[in-house]
Structure formats: C-alpha cells, structure tokens
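Please look over the sequence and the model before reading on. The paragraphs below go from the whole chain to single residues.

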Amino acid sequence: MEYFTVKAPTYEAAVRKIREQYGNYAKIHSKKVIRKKRFPGFSHRTEVEVTGYLSVTDTQSGSAGVDPAFTKNTDMGEVLSELEKVRNQLAMNEEKHAKKQSLIEKIVKILQYNDFTPGFIDNVCNKISEDENLLSSNDVLLLESKALGYIADSIVIDTAGQRHLPQILVLMGPTGVGKTTTVAKIAAVHGLGSGMKRNKKVSIVTIDNYRIGAKNQIETFGDIMSIPVTSVSSPLALDTFLHDHADSDLILIDTIGKSPKDQDIYDEMQRILSVCGSSTKFCLTLSASMKFADMIKTIDRFLSFRISTLILTKLDETEILGNALSVIAEKKLPVLYVTTGQKVPQDLIPASIGFFMRALKGFNVDVENLTFGGFGEEIHENTSGESSIFGLDDRE
Ligand SMILES: Nc1nc2c(ncn2[C@@H]2O[C@H](COP(=O)(O)OP(=O)(O)OP(=O)(O)O)[C@@H](O)[C@H]2O)c(=O)[nH]1
Ligand SMILES: [Mg+2]
C-alpha cells in the first residue's frame with residue numbers, strides 16, 4: 001500500500017494539497033499539529049502534518065478507481081504496472097496505425113500524381129484498407145499491385161465492339177476532339193484491310209454541313225483511301241443512303257463538331273440520326289486532355305443519343321490519364337478505341353486494359369511490363385509496324 005505525508009500551514013491547506021496530488025483515492029488517517037520554534041520574543045508558528053494512504057476505491061463516490069479484479073489481491077504497484085502495459089499496447093497500436101496511414105498516403109500521392117479524382121482515390125484506399133493483412137505486411141510493392149489491380153478492374157473495354165464492329169458506327173462529340181480523323185482511321189483499318197485481313201465494304205457519311213471545310217476534310221480522306229464519302233442534311237437523305245447501302249459491312253457517320261451547348265445543332269443531329277436503326281452504335285469521342293468535370297458533363301449531355309461506347313483521342317497530348325480513367329470508372333462507359341496521334345491509320349489502337357495500365361506513372365511496380373492480355377493488345381501489335389497512309393509524317 002502506498003502512504004503519504006503532507007505538511008501545510010493549516011489542515012484545510014493540507015487536504016487541498018492531498019486532493020490535488022492524489023485525487024479522491026487518498027484516505028487520511030491522522031493529523032498532527034507541529035509547533036515551530038521562532039526567535040525569542042516571537043510567537044510560535046504551527047504547521048499541520050497529515051498522513052494517509054492511497055485507497056483503490058474513490059473515497060468520494062465509493063466506486064472502484066481501477067478494475068475490481070485488482071482490488072482484492074493486488075496492490076497499487078501491480079495496478080500501475082497493468083496500466084503501463086495498457087499504455088504500451090496503445091502506443092504500439094498507434095504506431096501500427098501510423099505505419100498503415102503512411103502506406104496509404106504513398107498510394108494516394110501516386111494516384112493524385114496520375115490525376116485520379118478524389119472519389120476514385122477514396123474507393124481505392126477503402127478497398128486497400130479492408131485488407132488488414134495487406135497493410136500489416138508493410139510491403140509497398142504488394143500494396144501498389146493491389147491498387148493497380150483495383151484500377152485495372154475499374155477500366156471497362158468494349159471488347160465485343162472490337163471483335164464485331166456494328167454495321168453503322170456514329171462518331172459524336174465536342175468540337176475538335178478528332179472525330180473526322182478517327183472516322184478516317186477506322187475506315188482505313190477496315191476498308192483497306194491489313195495483312196491477312198479481308199478489306200470490308202466501308203462507306204463514310206457526313207452530316208457536318210455547317211463548318212466550312214468540314215465536308216472537304218472528310219472527302220479528302222475518302223479520296224486518298226478510295227472510300228466513298230456522302231454528305232446528308234436531312235433524315236430522309238440519311239434513310240435513303242442507309243437503305244441503298246444495306247449491303248455495306250461498315251458505315252461510318254461523322255457528325256457535326258459543334259459545342260453540345262448549341263441546342264439547335266443538337267436537335268438537328270437528333271432529327272437526322274433518328275432514322276438509324278438498331279444495328280447502329282453511337283460512340284462518344286472525347287479528348288484525353290479534357291478535364292474530368294467536362295468529360296462527365298459531355299457524356300451526360302450526349303446520353304440521349306444512346307451512347308454506348310467511347311473513343312478517347314489525343315492520348316499523345318497528355319502524359320496523365322487518371323482523369324479519363326476516373327470517368328470510365330464512374331460512367332462505366334466501355335472504351336472502343338484510343339488514338340495517339342494524327343497519323344492515319346496507325347495512331348488508332350483498340351483500347352485495352354494493358355494500354356491504360358502501362359500509361360500510369362509513379363508506381364514502383366514495373367507497369368511497363370504488366371500483361372493483361374485481351375483483344376486490344378493483339379491488335380496494337382499487329383498495326384504498329386504499318387506505314388502511314390497519310391498524316392503529319394506525310395505532310396512534312
Ligand atoms: N495530337 C493528336 N491530334 C489529333 C488526334 N486526332 C485528331 N487530331 C487532330 O485534331 C485536329 C482536329 O481533328 P478533327 O478530326 O478535325 O476533329 P473533329 O472532332 O472532327 O473536329 P470538328 O469537326 O471541328 O468538331 C486535327 O488537327 C487532327 O489532326 C490525335 O489522336 N492526336
Ligand atoms: Mg469533324
């Protein structure tokens with residue numbers, strides 16, 4: 001048992017001191033008044049000495065101050081040593097938590113560097129945090145691999161569309177994203193054939209009669225490839241064209257490159273394209289360097305066109321793809337193709353998870369050598385060696 005002795009000028013002051021020092025666990029058992037001698041002629045000064053011991057119960061409330069299990073057979077020394085153990089355990093837990101946090105923060109930094117959105121980053125971190133063993137392993141590479149796995153799982157690829165292109169493919173999207181160039185690239189890949197592939201019967205239709213030069217641009221592409229280009233400006237004209245070309249393997253429709261905010265143009269396109277039947281696939285074309293919020297707004301704006309697939313263009317103009325991958329994850333819109341430059345047709349690549357994963361930056365895991373397989377991977381290899389039909393290289 002622990003005893004104490006406290007001295008003070010008065011008994012009240014001594015009790016105050018005891019309460020301050022030991023709280024309600026102090027029990028007083030005696031007090032003694034001590035007279036102190038002073039110089040001759042001066043009166044005596046008194047001091048009060050109070051002694052007591054520390055109780056295991058609160059002397060005010062009567063409740064146990066510590067676990068009652070300790071009160072019977074243990075003394076305060078044991079209680080304190082138990083408390084010390086608890087304190088140590090808490091400190092260890094805190095240290096473990098701090099280590100986990102710092103691991104998660106490393107992943108957050110890499111994802112932020114890649115420009116993933118806060119919502120996407122939260123999802124990855126929540127998934128990682130669910131795996132206690134993973135975090136306790138303290139293995140950064142393993143953690144990165146898991147994060148990469150979650151990113152890969154969130155990428156949706158239009159593999160069905162890549163294997164069997166629809167008979168009619170309509171390319172839509174904001175102005176200048178590369179719709180016409182991409183139409184030319186797809187027409188070249190399928191219309192001219194490559195290697196062992198049979199060339200398909202391809203035609204191009206444009207409904208872009210607004211912008212000066214738009215018709216010329218696509219006709220020039222068509223002339224070089226000997227692929228017919230037709231311009232239509234009414235639902236009837238498009239309907240007639242589709243009827244007359246019912247035997248085509250692929251009809252590519254290039255649309256008006258106007259801001260989707262322009263309601264008149266938008267309504268006009270909707271009217272003309274309303275004649276397209278169920279064998280039509282509406283594809284939204286977005287530039288990879290667009291901001292996340294703009295991509296989301298554009299997708300929402302074009303959804304009334306039954307958009308079911310995505311082409312991401314100008315990947316050569318940005319190093320960072322987290323914004324686009326966050327869009328794909330949020331909208332679950334499968335990606336058909338990506339384009340990586342102005343050259344026709346080799347800067348058109350069927351989208352693949354591997355392609356996107358290898359574009360990620362800042363990971364210690366060797367993302368360059370990650371393999372995910374998939375249709376897009378094969379196509380990329382098959383077309384990369386081909387020479388340009390036309391494009392920047394040829395204009396120089
Ligand atoms: N760097 C780069 N430039 C591209 C790519 N695709 C297209 N372009 C260029 O982007 C510019 C616009 O391309 P277009 O095909 O005319 O774009 P569009 O969407 O049809 O434009 P509008 O019809 O005016 O809306 C051209 O200079 C193209 O050469 C690409 O993948 N990378
Ligand atoms: Mg165009």
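A residue is called buried if 20 or more other C-beta atoms lie within 10 Å of its own, exposed if 12 or fewer do, and partly exposed in between, with C-beta atoms placed from the backbone. This is a predicted model, in which local features need pLDDT of at least 70 and side-chain atom pairs count only at pLDDT 80 or more, while totals for chains, interfaces and linings use all residues. Residues are numbered from 1 along each chain as its sequence is written, and chains are lettered from A and ligands numbered from 1 in the order in which they are written.

The protein has 396 residues, of which 34% count as buried. It contains 16 helices and eleven strands; helices (H or I, at least four residues) and strands (E, at least two) are DSSP runs, numbered from the N terminus. Two residues are in contact if their C-beta atoms, placed from the backbone, lie within 7 Å. Among contacts between residues at least 6 apart in sequence, 70% join residues at least 24 apart.

What lies in the interior? In soluble globular proteins, nonpolar side chains tend to be buried together. A nonpolar core is here a set of buried Ala, Val, Leu, Ile, Met, Phe, Trp, Tyr and Cys residues joined through C-beta atoms within 7 Å. The largest such core has 83 residues, and those with the most contacts inside it are V170, A187, L252, C283, L310, L312 and L325. Helix 8 gives the most to this core, with six residues. Because domain 2 (80–154) and domain 3 (159–395) both contribute residues, the core lies between them; the domain bounds come from an automatic or database domain assignment. L252 shows what the contacts look like: leaving aside neighbours within four places in sequence, L252 touches L169, V183, I186, A187, V202 and I204. Another core lies apart from this one and has five residues, among them V6, A14, A26 and V50.

The shell around ligand 1 has 20 residues, of which G178, T180, T181, G257 and T339 come nearest; a residue is near a molecule or strand if its C-beta atom, placed from the backbone, lies within 6 Å of it. The residues of the shell divide into two nonpolar, eleven polar and seven charged. In this count Ala, Val, Leu, Ile, Met, Phe, Trp, Tyr, Cys and Pro are nonpolar, Asp, Glu, Lys and Arg are charged, and the others, Gly among them, are polar.

T182 is found in helix 8. T182 counts as buried because 26 other C-beta atoms lie within 10 Å. Leaving aside neighbours within four places in sequence, T182 is in contact with L171, T285, I311, T313, T339 and L348. The C-alpha atoms of T182 and Q342 are separated by 8.9 Å, although these residues are 160 apart along the chain.

Helix 12 (residues 292–302) has M295, T298 and F302 as buried residues. These three cover an arc of only 65° around the axis, so they are on the same side of helix 12; the arc is that of the directions from the helix axis to the C-beta atoms. The buried residues of helix 12 are covered by elements including strand 4 (168–172), strand 8 (280–287), strand 9 and helix 13. The face turned away from the buried side of helix 12 carries the exposed residues A293 and D300.

Two further helix residues can be set side by side. R271 lies in helix 11 (residues 263–273) and counts as exposed because it has 12 C-beta neighbours inside 10 Å. R271 and P235 are 36 residues apart in sequence and 6.4 Å apart in space, C-alpha to C-alpha. G354, in helix 14 (residues 353–358), counts as buried because it has 20 C-beta neighbours inside 10 Å.

Some details of the backbone remain. Most residues other than glycine have a negative phi, and most peptide bonds are trans. S226 has a positive phi of about 55° although it is not a glycine. S226 lies in the loop between helix 9 (214–225) and strand 6 (229–231) and, with 8 C-beta neighbours inside 10 Å, counts as exposed. K314 has a phi near 60°, a positive value in a residue other than glycine. K314 sits in the loop between strand 9 (307–313) and helix 13 (322–331) and, with 21 C-beta neighbours inside 10 Å, counts as buried. The peptide bond from V344 to P345 is cis, with omega near 0°. P345 is found in the loop between strand 10 (335–339) and strand 11 (348–350).
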